[in-house]
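Me: I am new to this structure. Could you walk me through it, one question at a time?

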Amino acid sequence: MNSILVIGTVAFDSIKTRLAEANDVLGGSATFFAMAARLFSPVRLVAIVGKDFPHNYLKMFEDHGIDLKGLVRSEGLTFRWKGEYEENMNVRHTLETHLNVLEDFAADLPDSYRNTPYVFLANINPDLQLKVLDQLEKPKLICCDTMNLWIIHQRPDLEKVLQRVDMFIVSEEEAEMLTKESNIVKAAREILKMGPFSLIIKRGGYGAILFTQQKEVFAIPAYPLENVVDPTGAGDSFAGGFLGYLASRDSFDLETVQRAMIYGNIIASFAVEGFSIEKLSTITRDILRNRLSDFLIMTHLAPASVHVE
Ligand code: AMP
């Protein structure tokens, strides 16, 4: 089985929506990614937490089969993030970011992780993403994500990352920020010039679109939900389902990538139905299969070729 290495944040999130709020719940880009990807492939988590990080969360990761050899436990406090959503939940504002232990994170990989074939550089300082890239031995596929903070404050490092990855998964808002281009097709073309072979632009509640260097385009809608509780982590869960599936197939031809997007999409739809990993941690094969078959009926997307094993 192909393993996936993810480097990103493990965090305490405080979130406010128009209907509810949650304080200091488990979050972070690597957390959501790992909890989604583990449904398909073994996951190796590279991150840092502080002395305030509860043991039962570590156990929860391990109980879900996530390898924690790359998780550093440090003396300081765990990374904290606070965000608020507008009525239109595609719009989010960061209220507070406390880097805490992240400031001393060296991102040194355990030796046994260096030859991991599939790699996801989740949202974290591009400095650290580059450090991880330097330690890897010939991975088969490298994907990355980023956020507005790094586009604004660390663009040169981010550009170096983009030159070295195969695939970039980014939100529409960030794609626009990166290229100063509000048309999604033009923005995609500009980003592909920066290096990655392919690009997925996430459009929140509207779905996701793939663009490749070979001019392939594939668009899917989001699964329509009546009750979105908290969109935090949707993008990372999408990426987890997506890359988890690719690693399990050990292939990234267009058809496999299209199927992987469908899985990522379905898994993200569960993530947003609760705070933190509430819903993500309860997904089973049966639950996934049912929603997938609903989605295929709704969209008429190649029903014969996508199935949950
Ligand atoms: P998403 O909703 O997919 O963009 O991911 C949300 C997650 O990103 C939250 O759980 C946060 O803890 C995490 N996050 C927020 N700000 C940062 C940051 N500056 N670096 C890394 N992760 C962050």
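Reply: Start with a term. A crossing is right-handed if the near helix is turned clockwise from the far one by less than a right angle, and left-handed if anticlockwise. Keep in mind that this is a predicted model.

Me: Which hand does the crossing of H1 and H8 have?
Reply: H1 covers residues 29-37 and H8 covers residues 234-249. By the clockwise rule, their crossing is right-handed.

Me: Are H1 and H8 parallel, perpendicular or oblique to each other?
Reply: Two packed helices are described by the angle between their axes and the distance between the axes. Here the axes are 7 Å apart, at an angle of about 40°. Angles under 35 degrees would count as roughly parallel, and 65 to 115 as roughly perpendicular. H1 and H8 are therefore oblique.

Me: Which residues of H8 make the contact with H1?
Reply: On the H1 side, the contact uses Ser29, Phe32, Phe33, Ala36 and Ala37. Across both helices, the contact residues divide into six nonpolar, five polar and one charged. The H8 side consists of Asp236, Ser237, Ala239, Gly240, Gly241, Leu243 and Gly244.

Me: How does H8 lie against H9, oblique or roughly antiparallel?
Reply: H9 spans residues 254-271. H8 and H9 pack with axes 7 Å apart, at about 140°. Roughly antiparallel needs an angle over 145 degrees. That makes H8, relative to H9, oblique.

Me: What hand does the crossing of H8 and H9 have, and how do its contact residues divide?
Reply: H8 passes H9 in a right-handed crossing. H8 contributes residues including Phe238, Phe242 and Tyr245, and H9 contributes residues including Met261, Tyr263 and Ile267. The contact residues divide into twelve nonpolar, five polar and two charged.

Me: What share of the residues is buried?
Reply: Buried means under 20% relative accessible area. Among contacts between residues at least 6 apart in sequence, 63% join residues at least 24 apart. Of the 309 residues, the share that counts as buried is 56%.

Me: Is Lys138 buried or exposed?
Reply: Lys138 sits in the loop between helix H3 and strand E10. Its phi is positive, about 45°, although Lys138 is not a glycine. Exposed means over 50% relative accessible area. Lys138 has 80%, so it is exposed.

Me: What is the phi of Lys215?
Reply: Lys215 lies in the loop between strands E13 and E14. With 73% relative accessibility, Lys215 counts as exposed. Lys215 is a residue other than glycine, yet its phi is positive, near 70°.

Me: Which residues does Thr179 contact, beyond its neighbours within four places in sequence?
Reply: Thr179 is found in helix H6, residues 172-179. Its relative accessibility is 15%, so Thr179 counts as buried. Leaving those neighbours aside, Thr179 is in contact with Ala187, Glu190, Ile191 and Met194.

How values were computed: Residues numbered from 1 in each chain as written. Predicted model: local features only at pLDDT ≥ 70, side-chain atom pairs only at ≥ 80, totals over all residues. Heavy atoms only, no water. Axes fitted to C-alpha atoms, helices over the stretch in contact; angles between N-to-C directions. Helix = DSSP H or I, 4+ residues; strand = E, 2+ residues; numbered from the N terminus. Contact = heavy atoms within 4.5 Å. Nonpolar A, V, L, I, M, F, W, Y, C, P; charged D, E, K, R; others polar. Buried < 20%, exposed > 50% of the residue type's maximum accessible area, 1.4 Å probe, protein only.
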